[in-house]
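Please look over the sequence and the fold before reading on. The paragraphs below go from the annotated site to the sheet, then to the helices and the domains.

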Amino acid sequence: MPDPIQHSPLTTLIHAGKALDYPGGRPVNPPVVRSSTVLFDTVAQQREARARRGEERLFTYGARGTPTSFALEDAVCALEGGYRTRLYPTGLAAIGMTLLAYLRPGDHVLMADCVYEPVRHLADTFLRDHGIRVDFYAADGSDLEARIEPATRMLYAECPGSLVYEMCDLRRLSALARRYGLLLVADNTWGSGLQYRPLALGADVSIMAATKYLSGHSDVMMGTVTTTEDAWQPLSTLADSFGIAVSPDDAYLVLRGIRSLAPRLAMHEANALAVADWLTQRPEVATVFCPALPADPGHALWQRDCTGTNGLLSFELRSHDLSAAERFIDALTLFGIGASWGGYESLATLSDVKRARSVGDWSGRGPIVRLHVGLEDPRDLIADLEQGLAAMGR
Ligand SMILES: *Cc1c(COP(=O)(O)O)cnc(C)c1O
């Protein structure tokens with residue numbers, strides 16, 4: 001098979017991680033290989049496989065991965081443009097194991113103010129309890145260099161950020177990481193490996209919650225971590241030490257989701273932009289947060305570094321009446337009320353941005369609603385939002 005990295009990402013999505021060879025023909029998709037025990041023909045063969053499996057990816061035991069999870073790793077790795085990929089049972093597990101792989105007691109980490117909120121919780125609890133200090137830097141990275149200390153080991157970025165999608169200049173962060181000898185880790189869940197590519201912008205490690213757009217159908221949890229060759233070994237060794245593995249059935253579902261990632265994202269984008277245009281004209285709405293909008297402060301960086309946007313957008317209501325905001329969401333009929341995003345369906349939630357930030361000042365702002373705009377007809381979604389806004393005044 002030709003090296004998939006040489007193709008356009010759209011082609012990679014279709015051809016990476018294809019089925020194995022069989023005598024005779026073969027299926028289009030790799031089979032679900034359910035296996036704990038893996039059999040060898042001779043003791044010597046088993047001994048040799050065990051000796052090599054720390055560095056090489058070999059099928060030696062279910063906990064070390066299966067041909068199904070290997071196929072998904074290959075597809076994600078080609079998408080991210082990395083050296084190799086490991087899979088985790090959730091996106092948050094992928095983040096937690098990445099932090100543990102590279103940090104030791106006494107180390108200091110600089111994290112973006114806009115990180116996915118459970119990561120902030122991890123920093124304030126487990127990391128702190130284990131002597132790893134975390135400081136937060138402004139979501140746009142402007143105060144980052146001043147916060148670097150002799151003990152700093154890692155820069156942890158999320159671009160665009162969670163909830164209000166702040167952009168930062170990852171290339172600049174990468175230059176700082178090189179200068180100070182730091183590891184640059186990026187949460188790439190928003191970009192899904194298609195619309196943003198942290199490794200190409202100089203990150204050492206890129207993490208995705210495959211739970212979101214890669215799977216795309218709100219029916220599976222998974223995380224992925226892809227690294228450069230230099231960064232690979234500590235991550236892989238830790239995952240082996242902890243016995244981190246994913247189910248082959250889940251790996252199959254994510255690989256299946258990946259095949260339609262590009263057309264789904266294109267439609268999420270078109271629908272979200274239609275909804276955003278409509279929202280910006282509404283008197284009830286103070287601000288729409290989405291870096292693809294020309295008025296967004298991150299727009300120039302988005303134009304430089306992203307190849308598109310997705311179904312996510314948030315907006316601030318002018319009225320500070322929180323119960324009116326709740327009436328709005330409760331009145332929606334096509335938008336589900338629930339956590340996560342990246343499935344085919346629309347969602348609406350109230351976002352507590354103030355609670356999720358410690359550097360940026362979000363006090364004095366109106367309620368912020370996060371939408372995940374799904375694959376429904378945008379005219380129906382807009383009609384639903386319109387009747388929802390009308391219900392606010394009741
Ligand atoms: C959802 C999400 C995660 C965590 O993924 P789970 O699979 O839900 O654990 C991590 N980062 C970002 C930016 C997310 O949106």
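Helices (H or I, at least four residues) and strands (E, at least two) are DSSP runs, numbered from the N terminus. In these terms, Lys-212 sits in the loop between β6 and β7 (223–227). The model is a predicted one, in which local features need pLDDT of at least 70 and side-chain atom pairs count only at pLDDT 80 or more, while totals for chains, interfaces and linings use all residues. Residues are numbered from 1 along each chain as its sequence is written, and side-chain values use heavy atoms, with hydrogens and water left out.

An unreviewed UniProt entry lists Lys-212 under "modified residue: N6-(pyridoxal phosphate)lysine"; UniProt positions are given here in the numbering of this model, feature names are shortened, and annotations may be inferred rather than shown by experiment. Lys-212 is buried, with a relative accessible area of 8%. Buried means under 20% relative accessible area, exposed over 50%, and partly exposed in between (1.4 Å probe, protein chains only). Not counting residues up to four places away in sequence, Lys-212 touches Thr-189, Ser-340, Trp-341 and Gly-342, where contact means heavy atoms within 4.5 Å.

β5 (residues 183–187) and β6 (residues 205–209) run parallel and are joined by three bridges; Asp-187 has Ile-207 in β6 as its bridge partner.

In helix α7 (residues 232–242), the buried residues include Trp-232, Leu-235 and Leu-238. The buried residues of α7 pack against β1, α4 (91–102) and β7. Gly-243 follows α7 and has a positive phi, near 65 degrees.

The chain is assigned domain 1 (7–259) and domain 2 (261–393), with bounds from an automatic or database domain assignment. Their contact takes 40 residues from domain 1 and 39 residues from domain 2. The domain centres, taken over C-alpha atoms, are 28 Å apart.

Conventions
Two strands pair if DSSP finds at least two bridges between them.
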